[in-house]
Amino acid sequence: MNETWWQAVVNCDQRFDSVFYYGVATTTIFCKPSCRSRDPRQENVRFFHSVDEARNKGFRACKRCKPEEPKWYADTEIAVRINELIDRRYAEPWTLARFGEELHMSPYHVQRMFSRATNTSPAKALLARRLQVARQELLGASDSITDIALAAGFRSGAHFSSVFLKESGCTPSEYRLTHQTRTR
Ligand SMILES: [Zn+2]
């Protein structure tokens, strides 16, 4: 018996939805961990990694928690919420653990579900957003590179410049110069 998963069943812990499913041998019905149905006896519980596995073993989906809802739905939902945080609060010092706290999920599941839905990581999405903001600022404002870097959420001007060079093929100053010349 996987004790963590059993606790998730007892606590109807929705952080484990789409991570695993559980069936009850006596009823042959399977559920999501968050299902509010009465707690089964531990010795009757069977765990599955997927809906298919549960079905192949002869279990039917619970009508209450509908575990057959496509898995991508939950992943997409998580990705949407992370992207909203990145979009509005890009300047904050995010870590995977902090995203997890915001969504009441483990950092591991944040990373896994976000990646499944978007094919990128929260860290890369955050960096892309910060670079987008910084590029706009480089063209619009006359602020110093360091001010722009800090406002966009980078640790320092130097850190920003090295990341920018790697991603854009030129330094922030060169980018600003080239672009401002073009638009003049
Ligand atoms: Zn159920």
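This is a predicted model: local features need pLDDT of at least 70, side-chain atom pairs count only at pLDDT 80 or more; totals for chains, interfaces and linings use all residues.
1. Start with strand 2 and strand 4: they run parallel and are joined by two bridges. Strands pair here if DSSP finds at least two bridges between them, and strands (E, at least two residues) and helices (H or I, at least four) are DSSP runs, numbered from the N terminus.

2. Residues are numbered from 1 along each chain as its sequence is written, and side-chain values use heavy atoms, with hydrogens and water left out.

3. As background, strands of a sheet pair through backbone hydrogen bonds, either parallel or antiparallel.

4. Strand 1 is worth a slow look. It pairs with strand 3 in the antiparallel sense over four bridges, and Tyr 22 stands opposite Phe 47 there. Strand 1 also pairs with strand 2, again antiparallel, over three bridges; Gly 23 has Phe 30 as its bridge partner in strand 2. Strands 1 and 2 form a hairpin with four residues between them, and Thr 28 in the turn has a positive phi of about 55°.

5. Are the faces of strand 1 covered or open? Both are covered: Tyr 21 and Gly 23 on one side, and Tyr 22 and Val 24 on the other, are all buried. Buried means under 20% relative accessible area, exposed over 50%, and partly exposed in between (1.4 Å probe, protein chains only).

6. Next, the zinc ion. Cys 31, Cys 35, Cys 62 and Cys 65 coordinate it through their SG atoms at 2.3 to 2.4 Å. Donors are N, O and S atoms within 2.8 Å of the metal (3.2 Å for Na, K and Ca); water is not among the atoms, so sites may look incomplete. The angles among the four donor atoms are 104 to 123°, and the site is tetrahedral. That label needs all angles between 85 and 135 degrees for four donors. Cys 31 sits in strand 2 (residues 29–31) and Cys 62 in the loop between strand 4 (60–61) and helix 3 (71–88), so this pair links distant parts of the chain, 31 residues apart. Cys 31 and Cys 62 are both buried.

7. There are ten aromatic pairs. Rings of Phe, Tyr and Trp (its six-membered ring) pair if their centres lie within 6.5 Å; planes under 30 degrees apart count as stacked, over 60 as edge-to-face and the rest as tilted. Trp 5 and Phe 20 are stacked, 4.3 Å centre to centre with 5° between the planes. Trp 5 lies in helix 1 (residues 3–10) and Phe 20 in the loop between helix 1 and strand 1 (21–24), so the pair ties together parts 15 residues apart in sequence. Trp 5 counts as buried because its relative accessibility is 14%, and Phe 20 because its value is 0%. Ring pairs also link Trp 5, Phe 16, Phe 20 and Phe 47 into a cluster.

Methods: Four donors count as tetrahedral if all angles lie between 85 and 135 degrees; four count as square planar and six as octahedral if opposite donors are over 155 degrees apart and all others between 65 and 115; anything else is irregular.
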